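Dear colleague,

I am handing over the structure we spoke of, with its sequence, and below it you will find an account of what came out of the analysis. Please read the two side by side.

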Amino acid sequence: NSNHSASLLAASKGLLSAVSINAVFECVKQTGWPSYQTQTYETASAGAGVIYSLDKTTGDAYIITNYHVIYNSASSASNKISNRITVYLYGMEYADYAIPAIYVGGSMNYDIAVLKVSGNQILKTGSAREAEFADSNDVSVLQTAIAIGNPEGEGISATVGAVNVDSENITMVAADGVSEVTMRVMRIDAAVNGGNSGGGLFDDEGKVIGIVNAKITSSTIDNIGYAIPSNIAKAVADNIIYYDNINAANDGVYRVLLGINVSISDSCSVFDEQTGKVHKVETVIVGSINEGSIVKNILAVNDVINSITVDGKTYKITRTFTVVDAMLNARQTSAVIINVTSGGVTKDVSLDLSNVTPTLW
């Protein structure tokens, strides 16, 4: 049928931007109680990734994956990151085609990491392509969700299902096995297993709508998996690459914050006649303004935030989370314009971020 044909074409496109990942860790443990001895050993994790950018002329690429794929709390490395990461293209998952990758940076809180491959002949001559990213704010319930990953480390495979919830917050244990993190995700019912982590979630056009990162394991729950929305994954990856290029510490995301808390004054569902999709739409207002905020005396409580423009790109504010997502793209040097409705008057407000100290998250 037509739905199956669309999924087949989308998966074929997605497979070309997918990689499987093997990360080896050198670990240390204490043995021989009561006379302790130090024993070193190696362990490995399997995951997946998406080719974020690719230069076939040079064989250079950036790859997005999950932070927990390349992090192990037992590692002897100071940052607990694998120092032996290899990636494999679909159809080339053999030792002869191993592609060495290095860790660029990542965020435990967002569970996103960026890897880099330099001057690789396989990338120059192979059929790999960089992924195309969709706007995850346009994702709607029951649209196609194709998860391409490396389940159980057995190689790249694809499963298909649907988006069940377009946006929700979950709290889970972070990569260090100790910290708790709360992150925004979309819920899916495509089959997800160990090794799918870091792999792309694709729509029926083969565009990335998310990065698969978790599932619920319970005898009373079936097929509840999660993916980090593509807008977050892309913004975090761009942030990591940007700060790596200016030699900043590369563990975490540097956020330039407005210093406000947002609230909802109205919420409803809207049916789009053109697309046939239903979307939640919220009227987002300034709930409170923190002391020291750059918008203090510029915005006021109860102002409606209509849009945020960062370096010429406008982000419509239709849900509370879109404020945070938009500002993930801002740097201290960015030109930021906020369109607000205040006291019935709609206006543009320009902000100077140069004096805002980025917050590491």
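**Around Ile240**

Leaving aside neighbours within four places in sequence, Ile240 is in contact with Val104, Gly105, Gly106, Ser107, Ile112, Val114 and Gly252, where contact means heavy atoms within 4.5 Å. Please bear in mind that this is a predicted model, in which local features need pLDDT of at least 70 and side-chain atom pairs count only at pLDDT 80 or more, while totals for chains, interfaces and linings use all residues. Residues are numbered from 1 along each chain as its sequence is written, and side-chain values use heavy atoms, with hydrogens and water left out.

Ile240 is found in helix H3; helices (H or I, at least four residues) and strands (E, at least two) are DSSP runs, numbered from the N terminus. With a relative accessible area of 3%, Ile240 is buried, a word that here stands for under 20% relative accessible area, whereas exposed stands for over 50% and partly exposed for what lies in between (1.4 Å probe, protein chains only). Ala300, by contrast, is 60 residues from Ile240 in sequence and 32 Å from it in space, C-alpha to C-alpha.

**The barrel and strand S6**

Six strands close into a barrel in the order S1-S2-S3-S6-S5-S4, and the pairing is antiparallel; two strands pair if DSSP finds at least two bridges between them. Neighbouring strands of this sheet are turned by 40° against each other on average, direction ignored, and H3 packs on the sheet, touching S2, S3, S5 and S6, with a direction that makes about 55° with that of S6. For these angles, axes are lines fitted to C-alpha atoms, for helices over the stretch in contact, and the angles run from 0 to 180 degrees between N-to-C directions.

Strand S6 (residues 112–117) is mostly covered, five of its six residues being buried. Strand S3 (residues 60–65) runs antiparallel to S6 and is joined to it by five bridges, with Tyr62 standing opposite Lys116 in S6. Strand S5 (residues 99–107) also pairs with S6 in the antiparallel sense, over five bridges, and Gly105 has Val114 in S6 as its bridge partner. S5 and S6 form a hairpin with four residues between them, and Asp111 in the turn has a positive phi of about 55°.

**Nonpolar cores**

Which residues touch the most other members of the largest nonpolar core? They are Ile112 and Val236, in a core of 30 residues; such a core is a set of buried Ala, Val, Leu, Ile, Met, Phe, Trp, Tyr and Cys residues joined through side-chain atoms within 4.5 Å. The elements that give two or more residues to this core are helix H1 (2–15), strand S2 (37–55), S3, S6, strand S7 (144–149), S11 and helix H3 (230–245), and the largest share, seven residues, comes from H3. Apart from this core lies another, of 27 residues, among them Phe25, Ile81, Met92 and Tyr103. Beyond its neighbours within four places in sequence, Val236 is in contact with Tyr110, Ile112, Val253 and Leu328.

**The largest pocket**

The largest pocket has a volume of about 840 Å³ and is lined by 33 residues, of which Asp135, Ser136, Asn137, Asp138 and Asn231 lie nearest its centre. H3 gives the most to this lining, with five residues. On a 1 Å grid over the protein atoms alone, a pocket is an open set of points where a 1.4 Å probe fits, with protein on both sides within 12 Å along at least five of seven lines, and lining residues have an atom within 4 Å of a point. Grid points are joined across faces, edges and corners, and a volume is the space filled by probe spheres set on the points.

**Loop residues**

Most residues other than glycine have a negative phi. Asn223, although not a glycine, has a positive phi of about 50°, and its place is in the loop between strand S11 (208–215) and strand S12 (225–229). Asp311, in the loop between strand S16 (304–310) and strand S17 (313–316), likewise has a positive phi, near 50°, and counts as partly exposed at 48% relative accessibility.

With kind regards
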